[in-house]
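Hi everyone, thanks for coming.

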Amino acid sequence: MYTPSLPGARPISGRKQRRRHWPASGARGGGVAEREGLMDRLTIIEGTLGKAFGVMGGYIAGSAAVCDFVRSFASGFIFTTALPPAVAAGALASIKHLKVSQHERTRQQNRVAKVKRELTKIRIPYLENESHIIPVMVGDPVKCKMISDWLLDNYGIYIQPINYPTVPRGTDRLRITPSP
């Protein structure tokens, strides 16, 4: 596999590295890197404009060399089109609002805590993590899909089943993402 070196690329070192994702944290919603004071050490910032921003699409931010590399080598990017102006305007308005508002972040964090408390109360195990995503382990792809369908059919609640190859076989799970 070809992996060219990128000018200015540097690892975040000196800290235990583990994948943590909590876009609702940080004083302005900048996630774990903002919360931990590491924004100046990032090479690439990437994100989605769905869910929290209420639109669609995604973005990366980085040096000109990094962005050019992605533009040149990411086949999924090469064959996509730019966001329509109305969607870009909606994303911009959402970003401006969420950079200054704590209301949505606080509300989502409270909802996540409440869902975890209720799952604990009724003895449904989930993987503890620092994320707003609550993985409920099922371990069987058929059961995982069956539970997801049952919740949708009976309660109008869609909880995404996550199966192989996204996760290793036998670690199938439901992905609960409480919204504000």
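Before that, some ground rules. This is a predicted model, so local features need pLDDT of at least 70 and side-chain atom pairs count only at pLDDT 80 or more, while totals for chains, interfaces and linings use all residues. Residues are numbered from 1 along each chain as its sequence is written, and side-chain values use heavy atoms, with hydrogens and water left out.

Okay, the layout. What do we have in terms of helices and strands? There are six helices and five strands, where a helix is a DSSP run of H or I with at least four residues, a strand is a run of E with at least two, and numbering goes from the N terminus. Going along the sequence, the order is α-β-β-α-α-α-α-β-α-β-β.

The protein has 180 residues, and 25% of them count as buried. Buried here means under 20% relative accessible area, exposed means over 50%, and partly exposed is in between, with a 1.4 Å probe and protein chains only. The accessible surface comes to about 12500 Å², and carbon and sulfur atoms account for 60% of that; the areas are from the Shrake-Rupley method with a 1.4 Å probe, and for residues only the protein chains shown count as cover. As for contacts, meaning heavy atoms within 4.5 Å, take those between residues at least 6 apart in sequence: 49% of them join residues at least 24 apart.

H6 has the largest share, with four residues. By type, the lining splits into 17 nonpolar, two polar and three charged residues.

Ala, Val, Leu, Ile, Met, Phe, Trp, Tyr, Cys and Pro count as nonpolar, Asp, Glu, Lys and Arg as charged, and the others, Gly among them, as polar.

On to the backbone. Most residues other than glycine have a negative phi, and most peptide bonds are trans. Here, though, the bond from Tyr164 to Pro165 is cis, with omega near 15 degrees. Pro165 sits in the loop between strand S4 (160-162) and S5. Then there's Arg123, not a glycine, with a positive phi of about 60 degrees. Arg123 is in the loop between H5 and S3, and is exposed at 75% relative accessibility.

Next, salt bridges. How many turn up in the whole structure? Five, each being a side-chain nitrogen of Lys or Arg within 4 Å of a carboxyl oxygen of Asp or Glu.

Lys116 pairs with Glu128, with the closest N and O atoms 3.3 Å apart. That pair links distant parts of the chain, twelve residues apart: Lys116 is in helix H5 and Glu128 in the loop between H5 and S3. Lys116 is buried at 10%, whereas Glu128 is exposed at 56%.

Glu118 and Lys121 form another bridge, 3.3 Å from N to O. They're three residues apart in helix H5, so about one helical turn separates them. Glu118 is partly exposed at 34%, and Lys121 is exposed at 60%. Elsewhere, shared partners join Arg35, Glu36 and Glu130 into one network. Within it, the Arg35 to Glu36 bridge has its closest N and O atoms 3.2 Å apart.

Last stop, Ile60, in strand S2 (residues 58-62). Ile60 is partly exposed, at 36% relative accessibility. Beyond neighbours within four places in sequence, Ile60 contacts Ile44, Ile45, Glu46, Cys67 and Val70.
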